[in-house]
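This report walks through a structure for a reader who is meeting it for the first time.

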Amino acid sequence: MAVADLNAATRPAPATPFQAALKDAALVALVAMALAGPIVGLQTVDRGGSLTVDARFAEVAVGIVIVFFGRLGLALSDRGLRLPSYGIAAGLAAAGFLLPWPTDLLGVLAIAAGAALVIRGLAGQYGAHRQSKAALATETDEEKADRLRRLFTRGLGFLLLAAAVLLPMMPFANSYILDTAIRVLTYMMLAWGLNIVIGLAGLLDLGYVAFYAVGAYTYALLSKDHGFGFWGALPLSGLFAASFGVLLGFPVLRLRGDYLAIVTLGFGEIIRIVLLNWTNFSGGPNGIGSIPRLTFFGHPFVRNAPEGVVPFHQLFGLDFSPLHRSIFFFYLILVLALVVNVFTIRIRRLPVGRAWEALREDEIACRALGINPTNTKLTAFAIGAMFAGFAGSFFATTQSFVSPESFTFLESAMILAIVVLGGMGSQLGVALAAILVIGLTEAFRGLAEYRMLVFGLGMVLIMIWRPRGLLSHRDPTILINSGKGVRP
Amino acid sequence: MDTAYLIQQLINGLTLGAVYALVAIGYTMVYGIIGMINFAHGEVYMVGAFLSLIGIIVMGLIGVTWVPLALLIVLILAMAITALYGWAIERIAYRPLRGSFRLAPLISAIGVSIFLQNYVQLAQGARPKPIAPVIRGGFELLTSEGGFAVTLSYLQIFIVVLTIALMIGFTYLITQTPLGRAQRACEQDRTMASLIGVDVDRTIAMTFVMGAALAAVAGMMVTLYYGVIDFYIGFLAGVKAFTAAVLGGIGSLPGAVLGGLLIGLIEALWSAYFSVEYKDVAVFAILVLVLIFRPSGLLGRPEIEKV
């Protein structure tokens, strides 16, 4: 930055900040036009067996105008002209609501651009305000803020837990809400498991879903072909997934972080391709169906049980309701997820947990201290894999159907997005992120096709603005260079 | 297993390898200069393929029928716009993260990759896009007793010749020009380079631009060679080209070319003699084996971990 500023100083200075902002915005709009023009503006369509091109220049032109004004607002705000920037934001938002747009998406884009401008402007003002105050802040102030934050975190955690326990008893809890909640909790459990690998041990695992798949398929095969019950198959599939983790991890955990990411990605794909093609073993693309449904310790959730079996509702003298099964699943996954959570919180305080965090920060120093990096990483990898295996067997029993389609790279990316969004290493952050991500996906079902687009963008933006996640304030305990974590 | 069949597979493998080599150079250059795996590079290649596809169709619509001219225009436009994509990605998603924590650029790159994939899917549709062959015909080299004819198509010659030409130009660029010198300086020591007046930001940006332009060429070749592309081709091609870069020794340009050719040959021969379904598994397995037993690759220097 400093170099760029020096260069700017030697050039003839632009007349006014407004002109400079205008130039900046025009440049960005031009780049946007070149980028989007051909890909968005010219759509290839199949007509009569051969491809031809449909022009959508109006949409692109409108999009470029939005980009121009958005960038103009940003540039003005950066140059200290806050008021005109807010004016542009209001204009964009109003236009987004009022004007007839060629497609709804552009209207949404305009509103989003306006909102982003306002947020950015306010954040800038708040930051400046804080900086002016920071000089005055004393040690006790910081401690107080820290204590408050910890109290807030703990309170929020308990609130969430209470809400989760009470949810099935609420009058509005229908099967849709319960199913969504089960989905949220499954992802939460997976994200907590991945958090051990990424957040604590600092190993970027892009093939986490492979262990989920191993767990699911193990459960499916054990319960269908070998007559195992849920409680027998659950630990076995966890163990199996963990041994897969050891098997895959042992050769590759010596590698540098980013190599590890690619290799785990490769392993994830290998497992998926094998499941897809090894038809005798896994049913190929058709998957494995009619996996035995979970029973309540031997009492099935059915209206009419076969001879000699007492169904769940008779056991408790209730009327039959299809909700019972969902409620049982809900509590089951809640308990499973909480096991992962408590386990993580506790193991952090054990030597191995500390070794993970130390390895994440500095591997060479750890080696100098006599920590065996491979073994330590391997434990994290295996434990993470085990929890994915548990989640996988839960998935298999709720769906009673597994196929390779459920275990694509996008699934891994989604779990990763939850962990990154929540803040790597923060348990509560990950929980909130899981609720946010799955909840938003459910809320915007109509815009489902844009979901992954927004995820991708979100991952980039979070890395730029809050590399440690939305909630987490956890900086490494000791830092050598600057006192301010990863980025100011 | 006659020789004619083997020769045909070798020709096909080399053609494929040329494409991988062009993509692999993008990985290896970026890794060399800033030490990150540009996970989104496969997607950049996919964007290049789509730009070529659109360009070829538009050329047909506006009546540029002389094939060499049409392909030249498409090639230049696709390279320019894809290069702009490379530049924009670096500017938006990677530059602000320089100096952030270790995994940040990689996670950001995964984000870019997911974004680009869905962006193209939404803009262009999820269906595979077929086009009619643009360059037809070829030589019949020899016919075996079994009646199997080895053909070397004009398209394959075009691909290999273009790749070789680009390699020569590229080697000149790296070894002889001020930009190449600046790149090599940044590769050795970024701080020192900036102290002696190298514009580090610009040099890194140019690295991305060059990598993206080469990926666009590879994208155009694949569009012409296979005649069908979809929004998902970047993922696998990216992993394979990355494998090629690692196999050759990441950071080494001749290594990327060698790795690309080897991966192309392995993939072609594996599909021909073992199983088509597991050809991707074979490539992944090579990646893992190379990383375990020879992480510095065939031509790379061993990496020294610095504190």
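## Chain A as a whole

In this predicted model, chain A is built from 19 helices and two strands. Chain A has 488 residues, of which 40% count as buried. When contacts in chain A between residues at least 6 apart in sequence are considered, 74% of them join residues at least 24 apart.

## Where chain A meets chain B

The contact between the two chains draws on 48 residues from chain A and 56 residues from chain B. On the side of chain A that touches chain B, at least two residues each are supplied by helix 2 (17–41), strand 1 (42–47), strand 2 (50–55), helix 9 (230–252), helix 10 (257–277), helix 17 (409–422) and helix 19 (451–465) of chain A. Helix 10 of chain A gives the largest share of that side, with 13 residues. Sorted by class, the side of chain A that touches chain B holds 35 nonpolar, eight polar and five charged residues.

## The nonpolar cores

The largest nonpolar core contains 208 residues, and the members that touch the most others are A:Met188, A:Met189, A:Ala191, A:Ile418 and A:Ala434. The largest share of this core comes from helix 8 (residues 200–226) of chain B, which contributes 16 residues.

## What the record says of chain B

An unreviewed UniProt entry lists residues 18–37, 44–63, 69–89, 101–120, 154–174, 204–225 and 282–300 of chain B under "transmembrane region". Two of these spans can be set beside the model. Residues 18–37 of chain B are 85% helix and 0% strand, with end C-alpha atoms 21 Å apart. Residues 204–225 of chain B are 100% helix and 0% strand, and their end C-alpha atoms lie 32 Å apart.

## A local detail at A:Ser400

In the loop between helix 16 (373–399) and helix 17 of chain A sits A:Ser400. Although A:Ser400 is not a glycine, its phi is positive, at about 55 degrees. Is A:Ser400 buried or partly exposed? A:Ser400 counts as partly exposed because it has 16 C-beta neighbours inside 10 Å, whereas a buried residue would need 20 or more.

Definitions and conventions:
Residues numbered from 1 in each chain as written. Chains lettered and ligands numbered in written order. Predicted model: local features only at pLDDT ≥ 70, side-chain atom pairs only at ≥ 80, totals over all residues. Contact = placed C-beta atoms within 7 Å. Helix = DSSP H or I, 4+ residues; strand = E, 2+ residues; numbered from the N terminus. Nonpolar A, V, L, I, M, F, W, Y, C, P; charged D, E, K, R; others polar. Core = buried A, V, L, I, M, F, W, Y, C linked by C-beta atoms within 7 Å. Buried ≥ 20, exposed ≤ 12 C-beta atoms within 10 Å, placed from the backbone. UniProt positions renumbered as here; feature names shortened; annotations may be inferred.
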